[in-house]
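Good morning, and thank you for the time.

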Amino acid sequence: YETLLEGSGADPATQMAALDMLVTMLRGADCETHRKRFLKLCCENVRLGLSVPQSLVLIREIVGTHEEGKRRKKGSVQYVIDLLTERYRLLDSFFLTLTRFKVVCPPTEVAAQAELRLSFLAFLLVHSTISLSYDQVSTLWETLYVQANSEREKDICLDWFREVRCYARKGLTDEVTEKLYREKILQLDVSSLTLAAYRLFHVFFLYVNLRAGLLDVRVSLDGDPEPGTEDVAEVSDNDSAPSGASP
């Protein structure tokens, strides 16, 4: 564990090997106490802003050792995530470190660090019932898009919002989705939209207008499609034009 931390002096390859070894050991049925111990240590690191990238990776790996199918059962992935967010205020700590990391992170590493953090947050949202508030969404947008160091960082941010809207059902409520669409996405400069920006607009345009009953989009899916989730993802991926929609 100490090999993983910032300041250990270990090179990245050695740190990755240490991570793999630690996670392998923690998968054991008799390691429940150790899993709890390291989760607590990592949550404390995030709260204090210490070794945050390493701690987020380890949290995700340890949580992934739990059962995924039985959502609300004690010991399941969702149960553990709820425990971390409620007992250790992990989500609050995450957003505090998000607004600070760019101050100390080398500019050439900011995009990769942003991607790592967003990947972790997506993992929490997809595997739990957590919903982000509009203030939290605004913090993400302001920090990673408005204050972006590069076009790559902007695209990482935009792609993340699109994917979370498509695949994390509860991550963005309908109210937050509509507010984000009207107050942020519709304010993007149309004359300089990147592909990532267009794809984000496409998904949110469909979602908001389908929910409002202003569009009639017919998508062929197995089973019963639910407008705004899988069907929006499929329409976006296929770049199909919605029936009745304005250009």
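Let me begin with serine 55, which lies in helix α3; helices (H or I, at least four residues) and strands (E, at least two) are DSSP runs, numbered from the N terminus. The model is a predicted one, in which local features need pLDDT of at least 70 and side-chain atom pairs count only at pLDDT 80 or more, while totals for chains, interfaces and linings use all residues. Residues are numbered from 1 along each chain as its sequence is written, and side-chain values use heavy atoms, with hydrogens and water left out.

Is serine 55 buried or exposed? At 2% relative accessibility, serine 55 counts as buried, where buried means under 20% relative accessible area, exposed over 50%, and partly exposed in between (1.4 Å probe, protein chains only). Leaving aside neighbours within four places in sequence, serine 55 is in contact with Cys42, Asn45, Val46 and Leu50; contact means heavy atoms within 4.5 Å.

Valine 57 is also placed in helix α3. At 28% relative accessibility, valine 57 counts as partly exposed. Not counting residues up to four places away in sequence, valine 57 touches Leu19 and Leu116. The C-alpha atoms of valine 57 and arginine 117 are separated by 9.0 Å, although these residues are 60 apart along the chain.

Next, the chain as a whole. How many helices and strands are there in the chain? There are twelve helices and zero strands. Of the 247 residues, 44% are buried. Among contacts with a separation of 6 or more, 65% are between residues 24 or more positions apart.

The largest nonpolar core has 69 residues, of which Ile59, Leu132, Leu140 and Trp160 touch the most other members. Helix α7 supplies the largest share of this core, ten residues. By a nonpolar core I mean a set of buried Ala, Val, Leu, Ile, Met, Phe, Trp, Tyr and Cys residues joined through side-chain atoms within 4.5 Å. Setting aside its neighbours within four places in sequence, leucine 132 has contacts that include Leu91, Phe95, Leu140, Trp160 and Val176.

Most residues other than glycine have a negative phi. Serine 51, in the loop between α2 and α3, has a positive phi near 45°, and serine 51 is buried, with a relative accessible area of 8%. Arginine 89, in the loop between α4 and α5 (90–98), likewise has a positive phi, of about 55°; arginine 89 is partly exposed, at 46% relative accessible area. The side chain of serine 76 reaches the backbone nitrogen of tyrosine 79 at 3.2 Å.

A pocket, on a 1 Å grid over the protein atoms alone, is an open set of points where a 1.4 Å probe fits, with protein on both sides within 12 Å along at least five of seven lines; lining residues have an atom within 4 Å of a point. Grid points are joined across faces, edges and corners, and a volume is the space filled by probe spheres set on the points.

The second largest pocket holds about 300 Å³. Its lining has 14 residues, with Glu32, Lys36, Tyr79, Val80 and Leu83 nearest the centre. Helix α4 gives the most to this lining, five residues.

Which residues lie nearest the centre of the largest pocket? They are Glu6, Val52, Pro53, Gln54 and Gln113, out of 24 lining residues. The elements that give two or more residues to this lining are α1 (12–26), α3 (52–63), α6 (101–104) and α7 (110–126). The volume of the largest pocket is about 610 Å³. By class, its lining has 14 nonpolar, six polar and four charged residues; Ala, Val, Leu, Ile, Met, Phe, Trp, Tyr, Cys and Pro count as nonpolar, Asp, Glu, Lys and Arg as charged, and the others, Gly among them, as polar.

Thank you; I welcome discussion.

Technical notes
A polar contact is a pair of N or O atoms within 3.5 Å; within protein, one must be able to donate a hydrogen and the other to accept it, and residues adjacent in sequence count only if both atoms are side-chain atoms.
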